Amino acid sequence: MRNENDILPERAESIRFSQCSGDGSGIKCEAESISGSVSQRACVFCGARVVLNPITDAFHIVHGPIGCSSYTWDIRGSLSSGEDIYRNSYSTDLRERDVIFGGEKKLTAAIDEVMSMHSPKLIFIYATCIVGVIGDDIVAVCKAAEEKYAIRVIPVKSPGFSGTKKTGYKAACNAIMSLITPEVLPPKEVGVNILGDFNLAGEMWIIKNYLRILGVKAISNITGDATSESLKKAPSAQLNLVQCAGSMTYLAKQMEEDFDIPFIKVSFFGVNDTSDSLLRIAYAMGDAEMVRKAKAFIEDEKNRVIPLLNKYKRNFEGKKAAIYVGGGFKAISLIRQFKEFGIKTVMVGTQTGNKEDYEMIQSLVEDDAVVLDDANPAELESFMKEMGADILVGGVKERPLAYKLGIAFCDHNHERKHPLAGYEGTLNFASEINLSMNSPVWEIISPGGNKNV
Amino acid sequence: MLDLTPKEVSERSALRINPLKTCQPVGAMYAALGVHNCMPHSHGSQGCCSFHRMFLTRHFKDPAIASSSSFTEGASVFGGGSNLKTAIKNIFDIYDPDIIAVHTTCLSETIGDDLVTYINDAKIPEGKFVVHTNTPSYVGSHITGFSNMITGLIKYLSENTGIKNGKLALFPGFVNPGDMREMKKIMTLMGVNFTMLPDTSGVMDAPMTGTYSMYPKGGTKIQEIIDLGNCEMSLGLGELTSSMPAEFLDTKCKVPYQTLPLPIGVELTDQYVMALNRFSKNEVPYALEEERGQLVDILLDSHQYTQNKKVAIFGDPDTVLGLAQFALELGMIPKYLATGTPGKFFEEKANALFEKFDAEGCIAKGNMDLFELHQWIKNDGVDLLIGGTHGKYVAKAEDIPLVRAGFPIVDRYVHSYLPIVGYKGGMRLAEMILNTLMDRQDRDCADEDMEMIM
């Protein structure tokens, strides 16, 4: 029985039961959330902030009341191999009089105060909701500061209400373009940029290491463990690898247009996606030696990792997974990865997936799976229960929900505990879902050890 | 690591670095979660609601539900009236709460949305309620938002029917569910008939039962909030947080009030117990006397380890003041007291406390950030930090141990289930402080100084 009464009528088109729609083309996505729903989604500012946050030597100044900066203070577990500046929280902490008289002076003063204490190379100024409304001209303030201090001070136009989280990704990509666009295009180097890895738990380092093994030079990482100098080298790359497609395809297209850098989409989640991506990178580089190295490395890694993964298979038999993540590309990778483990995906949802993502998702899951866009906790609850999910993969707001339902959980978002990318990431992922699904805690939930209370 | 803080303190007028506060709406959301069958509603952009739910979830490790008006570009130009109207309808249709508690955001405040009119015009099903409070993010802090939401609930709901109900109205302050449980326990022991608003116990520390309930069992019932107007008196714990609702209930429903500091440590818990004693005229039962005696016994047994230790305490104003008094009872020197919440009250109260205990060389400052506290510590160090998670950066940079107490604590478990208030809370705090200091001594001492018995 579908709990159709639990679904807002306006939401019905954002939920698809595979057997009735078939091709997935009918799902409603990339739309504003409905007023009054308990959405798991964030805002434009959040989108911009999460993409730019990993730039380690930037001063990220949030221009707005204190909340926007305190909620995004060291928000996402991006690691740094050098600077730690990005892990501090800077803001103009706008007060009532600033809202009445305008915040431009305070913003200018805040930049001056940063300059008096440190020697930044790069400052981002984020415009929040209120700045959009009171009409502060942050572009002018940034320009004046650039002239005064001869450093980059880049405005990020991200008033929360001005679109969805995806609009924020675009604002961030525009800021990156503003930083990296050179006066004259540099000569091409043999090497690639990695777009859309944020070095959560050190995943960028895993990917860079793989590229090193293949003999592919990583020129710039965008934005995990990036610095302003490393980013500026990006235009010289001959190829862009796009991992988090939701946030970075826009940037890749811009770079293709402006710098003549083609891109391919890659994924390093799961053995198959990782292997496939490495091979495609080698082919795209057009170097036979790289292809040979990639094939050899993939084989070695498969020989090492698959027997280890097979040890979990007995525990995974008959298990069912539910996925609720930010972007469509990650959801697709996760479905494939669960398939590798012999786990059936019974529910898939994303916050910002687009039509193509959903078509791909529909083609990967079985007929009875539930696919939903911008879900709320009530929907997640009702479908996970109905579909009998054993584990949910999601982010911070989904964790306690899953636990309350007695469903195992793995954070594949900002709070991931171990790197989940590449071959070792796949092992970590298998180990984590195994631990969570088979924790002794499930045995003691109710007296007598009956899990289904 | 993370040690970018220059020792030299420079005057800042515009830049806030590493804040010790957040914005009003999250406080309002937390307060609304302490009402039974209530949907907190954020009237603003979707991000606000999402961030607040994330923030609360990270602290309590429990689901925090709330809905959003999901402002778009259009709403920010034409006003959020239709968004709220749609929201109210959808929320009652689908999530079926008994009450929706709306708070505003910087966006809806700045564009001048008139919530009173919107709510008057809204279709509210029979027997259901919609209340609101104004929580502009650019005024006060999350503490202000918490007070505002309680006040808003009273404003809409509480009535004085002229027939007293014999109850005490208790405003617990911005504390954890574990603290609220302890406050209630003490009232019950004192034979006090009470209503506590808000009451997040049983909501944000709800047990695992194998089923998810959007509205867990806990929370103050609407009928109880209505009946607050008939209480004999109200008691506001945490003077900075609870004065506003207590005063308002007096103004609206003629319920006399008293405010007290948060009952942290011996003397402040004594004050709480004595206030309950005056209210109920009941003798203090042996169970409480025994707890008090145990706490004093513990402080006596261990005082050599805490005496003259310098401590920096940071966080929300009432919590910091309570912890400071307890630190003084332990013979510690509360060298720095810091809160991000603006207002002179904090400094005045702290200075009075320093005077009372003859504590010299201690500084308290409101409207402050962690960056400045870090600078103070760099210039003149302390032995211990007490505060929330964000202090761990200072702790790591300066190699000073940290006891986690207050809000937010997003990197540890269990804290929200157990009290720091009351005599039991005092025992827990004493244990945390002693363990931290003594673990440190064991770790740092030379082999020959290692003691078996401490």
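1. Two strands are taken to pair if DSSP finds at least two bridges between them. Strands themselves (E, at least two residues) and helices (H or I, at least four) are DSSP runs, numbered from the N terminus. Within β1(B), B:Arg16 is the bridge partner of A:Ser91. Strand β3 (residues 90–91) of chain A is joined to β1(B) by two bridges, and the strands run antiparallel.

2. The model under review is predicted: local features need pLDDT of at least 70, side-chain atom pairs count only at pLDDT 80 or more, and totals for chains, interfaces and linings use all residues. Residues are numbered from 1 along each chain as its sequence is written, while chains are lettered from A and ligands numbered from 1 in the order in which they are written.

3. The contact between the chains takes 62 residues from chain B and 64 residues from chain A, two residues being in contact if their C-beta atoms, placed from the backbone, lie within 7 Å. On the side of chain B that touches chain A, at least two residues each come from β1, α1 (24–33), α2 (46–60), β3 (67–68), α3 (73–78), α4 (81–95) and α5 (106–110) of chain B. Of these, α2(B) supplies the largest share, nine residues. This side of chain B comprises 32 nonpolar, 22 polar and eight charged residues. Here Ala, Val, Leu, Ile, Met, Phe, Trp, Tyr, Cys and Pro count as nonpolar, Asp, Glu, Lys and Arg as charged, and the others, Gly among them, as polar.

4. Chain A is assigned domain 1 (4–34 + 318–416), domain 2 (44–180) and domain 3 (192–295), with bounds from an automatic or database domain assignment. Domain 2 and domain 3 of chain A have C-alpha centres 27 Å apart. Their contact takes 26 residues from domain 2 of chain A and 21 residues from domain 3 of chain A. On the domain 2 side, α2 (44–52) and α8 (165–180) of chain A each supply at least two residues, and α8(A) gives the most, with eight residues. That side of domain 2 of chain A has 13 nonpolar, six polar and seven charged residues.

5. In helix α15 (residues 370–379) of chain B, the buried residues are B:Leu370, B:Phe371, B:Glu372, B:Leu373, B:His374 and B:Ile377. A residue is buried if 20 or more other C-beta atoms, placed from the backbone, lie within 10 Å of its own. Their cover includes β1 (16–17), β10 (310–315), β11 (333–339) and α16 (391–398) of chain B.

Definitions and conventions. A residue is buried if 20 or more other C-beta atoms lie within 10 Å of its own, exposed if 12 or fewer, and partly exposed in between; C-beta atoms are placed from the backbone.
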